[in-house]
Amino acid sequence: MTLNQAFATRVREILKEKKITQYRIEQDTGLYHSTLTYILNNSGKTKSCNFKSMALVIRSLGMTMTEFFNHPVFNFDELDID
């Protein structure tokens, strides 16, 4: 799993858990619908996600970076970060 795929997986998990819509994240962050859709649905096709976009999404979810990334999906031994 790539870092981008792990990020998308974690965001989708939190959206479902907190019952937050993608639209709300778009409104909170100012990210275009197409940008967030690409991040969440095509994460395997892109080499890297913009760190600023990641930070905006995490903040919009009401989480700190530590809370967000402290999850098994980000186990560096299993991530493809080349």
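Visitor: Why does S53 count as buried?

Guide: Buried means under 20% relative accessible area, exposed means over 50%, and partly exposed lies in between (1.4 Å probe, protein chains only). S53 has 11% relative accessibility, so S53 counts as buried. As for the model itself, it is a predicted one, where local features need pLDDT of at least 70, side-chain atom pairs count only at pLDDT 80 or more, and totals for chains, interfaces and linings use all residues. Residues are numbered from 1 along each chain as its sequence is written, and side-chain values use heavy atoms, leaving out hydrogens and water.

Visitor: Where is S53, and what does S53 touch?

Guide: S53 sits in helix 4. Here helices are DSSP runs (H or I, at least four residues), numbered from the N terminus. Not counting residues up to four places away in sequence, S53 touches L31 and I39, where contact means heavy atoms within 4.5 Å.

Visitor: What makes S60 buried or exposed?

Guide: S60 has a relative accessibility of 11%, so S60 counts as buried. S60 is also found in helix 4. Leaving aside neighbours within four places in sequence, S60 is in contact with I25, D28 and T29.

Visitor: What makes helix 2 oblique to helix 3?

Guide: Helix 2 (residues 22–29) and helix 3 (residues 33–41) pack at an angle of about 125 degrees, with their axes 10 Å apart. Axes are lines fitted to C-alpha atoms, for helices over the stretch in contact, and angles run from 0 to 180 degrees between N-to-C directions. Angles under 35 degrees count as roughly parallel, over 145 as roughly antiparallel, 65 to 115 as roughly perpendicular and the rest as oblique. The angle of about 125 degrees therefore makes helix 2 oblique to helix 3.

Visitor: Which residues make that contact?

Guide: Q22, I25 and E26 of helix 2 meet H33, L36, T37 and L40 of helix 3.

Visitor: Why is helix 1 called roughly perpendicular to helix 3?

Guide: Their axes come within 7 Å and cross at roughly 105 degrees. That angle is why helix 1 is called roughly perpendicular to helix 3. F7, A8, V11, R12 and L15 of helix 1 make the contact with I39, L40 and N41 of helix 3.

Visitor: How do you know that the span of helix 1 agrees with what it should be?

Guide: The expected span is 1.5 Å times one less than the number of residues. For the 16 residues of helix 1 (residues 3–18), the span should be 22 Å, and the end C-alpha atoms are 22 Å apart, so the two agree. The buried residues of helix 1 are N4, A6, F7, A8, R10, V11, I14 and L15. Their cover includes helix 2, helix 3, helix 4 (51–60) and helix 5 (65–69).

Visitor: Why is K19 called exposed?

Guide: K19 has a relative accessible area of 76%, so K19 is exposed. K19 lies in the loop between helix 1 and helix 2. Although K19 is not a glycine, K19 has a positive phi of about 55 degrees.

Technical notes:
Helices (H or I, at least four residues) and strands (E, at least two) are DSSP runs, numbered from the N terminus.
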